[in-house]
Amino acid sequence: MSSTAIITGITGQDGAYLSRFLLEKGYKVIGIVRSYTSSDVRGLRLLGIQDKVELVECDLTDLSQVISVIGSTRPTEVYNLAAQSSVALSFKQPIGTINFNIISVLNLLEAIRLIKADTKFYQASSSEIFGGTNQLPITEQSAINPISPYSISKASAYWITKNYREAYHIFSCSGFLFNHESYLRSENFFIKKIIRESIRIQRGVANQLEVGNIDIKRDFGWAPKYVEAMYLMLQRSEPEDYVICSNTSVSLRSIIEYVFTKLKISMECLKVRSDFYRPTEIPDIYGSNSKARQELNWQYDLSFFDVLDILIEEELEYVKKQQL
Ligand code: NAP
């Protein structure tokens with residue numbers, strides 16, 4: 001009998017790539033969506049898997065609905081990717097972000113506990129929970145110090161996931177993923193915005209790229225490889241948490257310089273706006289993936305500039321198709 005995976009947040013970047021990865025492994029994939037009618041399945045369609053996954057409508061903040069879905073499908077694995085995932089937006093919508101990102105996790109774990117389902121649970125945690133640390137690289141032992149509503153919600157969700165593992169012996173674990181990008185990333189995220197806007201400047205459709213603080217450094221990776229680590233975490237005999245990252249950070253400024261050079265755009269088209277700065281910001285953060293490499297046998301060797309080459313090509317391809 002094939003394994004069944006439930007993926008919450010299936011319409012997001014990681015949901016689409018994880019679905020494709022699990023389908024290739026022979027899983028039945030069930031995706032939770034907030035609404036059949038308004039869900040954006042563009043990512044699933046672009047990967048050619050829209051008709052291969054089953055979509056189920058469920059409000060993850062309603063325990064009775066979550067119990068009903070877990071009880072009727074009895075999944076082998078649940079990948080909890082649904083979240084208000086933007087740090088910037090979390091400062092504008094702190095209550096909604098904290099409410100959804102915590103209650104949804106609690107409901108899923110509570111449903112697994114109450115039903116006594118033999119289900120493994122993956123929680124999409126984030127490097128952001130380590131926040132304002134000056135001890136780099138981030139490892140699984142680093143102190144948690146969230147500095148945004150988003151990271152506060154993800155830190156709480158991490159503690160809930162750990163608590164259900166320790167108190168109820170549920171196979172539940174968190175992946176502390178650093179930023180990872182792809183063509184499917186939404187446009188409100190930095191890398192996607194930089195590439196889209198730069199191509200618009202190159203085509204003469206826009207004049208300037210407006211950005212906030214670009215003298216910060218981040219550890220960026222390639223999303224299709226990062227979702228493999230989620231699967232590997234649930235194949236272990238014991239649940240544990242893992243840092244998933246590229247091991248190095250690059251400055252946002254150097255990324256813009258790289259994209260501008262590649263697209264032959266003058267740096268004069270760059271405008272830094274201090275009113276775009278966030279109330280709090282981590283100056284530099286990168287992690288160590290050595291535990292994941294050793295215990296999960298997860299391999300990652302891409303430089304982020306290699307990833308940028310792929311992303312630029314994919315975006316240019318998209319623009320070309322739109323013009324046809
Ligand atoms: P994403 O593209 O923003 O997708 C988020 C998903 O969550 C979408 O399917 C969205 O559904 C769903 N969602 C958001 N708010 C919801 C709500 N109130 N009710 C129900 N569903 C809701 O995120 P991603 O990049 O794939 O990331 C996946 C997970 O990993 C997220 O939890 C994110 O916080 C975490 N993470 C991501 C990164 C990264 O660099 N990508 C790094 C660390 C951690 P709709 O389509 O209906 O909006």
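Visitor: Where is Lys116 found?

Guide: Lys116 sits in the loop between helix 5 and strand 5. Bear in mind that this is a predicted model.

Visitor: What makes the phi of Lys116 worth a remark?

Guide: Most residues other than glycine have a negative phi. Lys116 is not a glycine, yet its phi is positive, about 60°.

Visitor: Which peptide bond is called cis, and what is its omega?

Guide: That is the bond joining Leu136 and Pro137, with omega about 5°. Most peptide bonds are trans. Pro137 belongs to the loop between strand 5 and helix 6.

Visitor: Now the sheet. What is its strand order, and is the pairing parallel or antiparallel?

Guide: The open sheet has seven strands in the order 3-2-1-4-5-6-11, and the pairing is parallel. Strands of a sheet pair through backbone hydrogen bonds.

Visitor: Why are strand 3 and strand 11 said to stand at the edges?

Guide: Strand 3 (54–57) and strand 11 (242–244) each have a single partner strand, so one side of each is left without a neighbour in the sheet. From one strand to the next, the twist averages 25°.

Visitor: How do you know that strand 1 and strand 2 are paired?

Guide: Pairing takes at least two bridges between the strands. Strand 1 (residues 4–8) and strand 2 (residues 28–33) are joined by five bridges and run parallel, so they qualify as a pair. Within strand 2, Ile32 is the bridge partner of Thr8.

Visitor: Which strands does helix 5 touch as it packs on the sheet?

Guide: Helix 5 (residues 94–115) touches strand 1, strand 4, strand 5 and strand 6 (172–177), and its direction makes about 165° with that of strand 5. Helix 3 (residues 63–73) lies across strand 1, strand 2, strand 3 and strand 4 (77–80), running at about 160° to strand 1.

Visitor: And the ligand: how many residues surround it?

Guide: There are 22, and the closest are Thr11, Asp14, Ser85, Tyr150 and Lys154. By type, the shell divides into eight nonpolar, ten polar and four charged residues. Strand 5 gives the largest share, three residues.

Notes:
Residues numbered from 1 in each chain as written. Predicted model: local features only at pLDDT ≥ 70, side-chain atom pairs only at ≥ 80, totals over all residues. Heavy atoms only, no water. Near = heavy atom within 4 Å. Helix = DSSP H or I, 4+ residues; strand = E, 2+ residues; numbered from the N terminus. Nonpolar A, V, L, I, M, F, W, Y, C, P; charged D, E, K, R; others polar. Axes fitted to C-alpha atoms, helices over the stretch in contact; angles between N-to-C directions. Contact = heavy atoms within 4.5 Å.
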